[in-house]
Amino acid sequence: MTAGTPFRLAHLSLYRRLTVLLLCPLALVAALILGQSWFASRAAADRAFDRLLDAASLSIAEQVRWQQSRLWMDLPPSALEMLATDAEERVFYALYDAQGHFVTGNRTLPALPPPPSGQMSYADVDVGGLALRLGVRRSRLEGWDRSDRFEVRVAHSQGGRTALANRLFLASLLNVALIALLAMVVVLLSARFALEPLTRLRRAIRQRDPRTLAPLALELPRELDELRQTLNELLARMRRVRANQERFIGDASHQLRTPLAGLSARAELALRQTDPAQWRSALDSMHGTAAQTARLAGQLLSLTRLNNPEAAPAHTPVDLCALAQRAVRSGFASFDRRGVDLGVETPAQAVVVAATAWQLEEALANLLENAALYGARRVTVSVLAGPPRLRVEDDGPGIPESQRLLVLRPFHRGREGGSGTGLGLAIVDSIARAHGCRLILADSDPAHPERPGLCITLTFPDAA
Amino acid sequence: MHHPDLSRRRLTGALLGLAGTAALGAPALAGTLEFAASTTPATPLTIYGVLDPPQARPLLAAFKQHHPEIALVYHHMDTLALHQRVLAEQDAPQADVIMSPAMPWQYQLANAGLSSTLDSPITAAWPRWARWRHELFGFTFEPIVMVYRRDLAAHMPPPESHAELLARLDAHTDLLKGRVVTYDPRLSGAGYTYAIEDARISARYWDLVAALGRSHTALEATTSAMLEGLSAGRYWIGYNLIGSYAQAYVANHPELEMVIPRDYALVLQRLVMRQRGAPHPEAAARFIDFLLGRPAQTLLATRTTLGAVDPGVSGPGTASALRERLGDAIRPVQIGPGLLATLDTLKRQTLLEQWQQAFANRTTFSDGPLADPAPLPDADKESPSP
């Protein structure tokens, strides 16, 4: 990743992504535990050392008595040595009477608010520049005659407790570090392990024969199994498409072979004749067959071109009215020769759609051809606006409703024995699909059961 | 820093006698030794100490030889003056190094945070029993001894231990009446310190005090006064004398004999520390390193009677030699918080009262009747807890 591109999670490999997503919370948890153990070690060290304050102050308090009309005590050196601990702390003690007057001690020590329970209260204090832990014991004389209250205040420096807290914290730091290390190894290994089926799938796809479309058979975890099924569905669709193509090629070869065989047979027959009149009639017939075969080949070519998704020509604005008028003009003469009445109906203003002009022309030509071939006597091309529509109506025999989907397939002819190629409507259907049009086949005159006629409408998507 | 507990008034009594331990019979205690540096630029170094110039001079001269770049000024003063001066100057220290044999007082200064940590290889290797933290170091080893006149042997076998002293006192109460001398704990800080330590070590100490009382033991304020009395024949037995002074004195007085008690012998240590905020901390560290170093310790053992602490130095006058001879009986005064208890006012009063009872308020002190112990602080004048 270069410095310029912003960091995006989508760029990360699955392995890294898993690692990051697992390790970040892990680090957070470790930090939380460490923070907690920092405070816990302080508290534990305080508890341990506060017990010394408690014991020392108790041992001093036990020596306090009433003598010579005043509080008196024989300070036990062991109490101070207990306070000093192995860390050789600085120690301070003081005895205060009920009124808060200093009785004896090696320095004045501050008072503390009484504890919620028990006799001892503790605090960290700063006395004369020394950071001390202070413990104050509230007690009273237990003599027969007097029960004066007094306070024993003891304090020591904090070197030992800081050292203990640090030792405790260091121990838990090592623990946490060890656990985090283990967890990291586990995370890295399990991420690798979890992604292993993906590697297997990749290998299985890479090692396949490029021509085979057989479904993938592979034991995979559920999430990847869905991916495998989707892949298999795609492969199944591709198999169907290829089957269609193979059938199309088979049909096309068959369609081409029949007229070619006819041509060959007719030519052979004519060659056995010696009468030029016979030859002429054979040549006439062969010419007709050849022309029909040429048209068939042309239509096959254009159907192949239309079905090629790689070559979708750009759409340009096309005026449907002009298009319809041009088609009618060019076909008028031949229709007139065959005695078919060809007409056009267009609105006054232009109806413009985004389309490929030559394809629409081809579609319209095919529709007109179709109508003529199936014996219509009257064919009308009309253009309608809102939404833009191109419609071809005839008064021919029509197509029964059950046949209407089938006639869109190549080489399916609505009627046996016609001279159509069986490709016309398939081509129209392909063009309609290339333009996002709806192709609707309907009766043009449902009231007439003998010749209901056919009305084919191409409805363009509304420009708006 | 406010030190109500260390007010001059209350210390006066306790330290009065201690002052006397500093110099043998020399009333003029204050003195200054100066050693100019022989190189330039010179690093100044100021020492406050309680160490007699005759003992200090060879030590400081040796230091000067090792560190000619340091211009050393040694202020000799008595323990009370030293303590007062250090407290007075604590916010703007003038001295770099403080040396004193008044162990509780010295410890109190260090405990209150007036010392600073030294971390050199020498201080780190110093035996644990002779230091506190890395701030306070004992650099001498001076047993507390008994001294008797040689002609005592004509009357009884001379006492070699505390127990024997008690036995002699019990057996010859009348013969020894007024012939035994020891420190007056009311007037001498040193005597008071040894009394406290004796009481801590031995359960029979109070029997000994009672016996001393019965035989009308004389109480003196200084070791030198006791030695002079012994030499003059006024006293036969002296109990709890500072060994370093006694040794030097006995060497010149053949009629006297010094004995280190066999059952247990208290050992006093001079404590040295670098003052917190010392003006010349580097020079101070060098001086203390020198003091604890091999050459200075050897010098202390051979050319002074102070005794060497360093376990690496052997021969007469060293801690190791004394330990070898007396084993577990050697009881150095522990440099620890127990010394603070020694300074507790009420504790002091309790001990002195017990003494007073043992002596049944007899007039035993040449200066007159037993004075009250140092006046206690007036509770009302103490700063109440803040």
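**Exercise 1. State the domain bounds of chain B and the separation of the domain centres.**

Solution. The domain assignment of chain B, whose bounds come from an automatic or database domain assignment, gives domain 1 (4-141 + 269-332) and domain 2 (142-266 + 342-358). The C-alpha centres of domain 1 of chain B and domain 2 of chain B are 26 Å apart.

The model is predicted, so that local features need pLDDT of at least 70 and side-chain atom pairs count only at pLDDT 80 or more, while totals for chains, interfaces and linings use all residues. Residues are numbered from 1 along each chain as its sequence is written, chains are lettered from A and ligands numbered from 1 in the order in which they are written, and side-chain values use heavy atoms, with hydrogens and water left out.

**Exercise 2. Describe the interface of chain B and chain A.**

Solution. Begin with the contact (heavy atoms within 4.5 Å), which takes 35 residues from chain B and 38 residues from chain A. Next comes the buried area, that is, the accessible area (1.4 Å probe) that two parts lose on being put together, summed over both; for chain B and chain A this is about 2,900 Å², 48% of it on carbon and sulfur atoms.

Then turn to the salt bridges (a side-chain nitrogen of Lys or Arg within 4 Å of a carboxyl oxygen of Asp or Glu), of which the rule finds five across the interface of chain B and chain A. In the salt bridge of A:Glu88 with B:Arg128, the closest N and O atoms are 3.8 Å apart.

Finally, locate the elements, where helices (H or I, at least four residues) and strands (E, at least two) are DSSP runs numbered from the N terminus. On the side of chain B that touches chain A, at least two residues each come from helix H4 (103-111), strand E5 (131-132), helix H14 (338-342) and helix H15 (345-358) of chain B. The largest share of that side, six residues, is supplied by H15(B).

**Exercise 3. Locate the cis peptide bonds and the positive phi.**

Solution. As background, most residues other than glycine have a negative phi, and most peptide bonds are trans. In chain A, a cis peptide bond with omega of about -15° joins A:Gly386 and A:Pro387, and A:Pro387 lies in the loop between strand E11 (378-384) and strand E12 (389-394) of chain A. In chain B, a cis peptide bond with omega of about -5° joins B:Thr40 and B:Pro41, with B:Pro41 in the loop between strand E1 (31-35) and strand E2 (43-49) of chain B. A:Gln68, although not a glycine, has a positive phi of about 50°.
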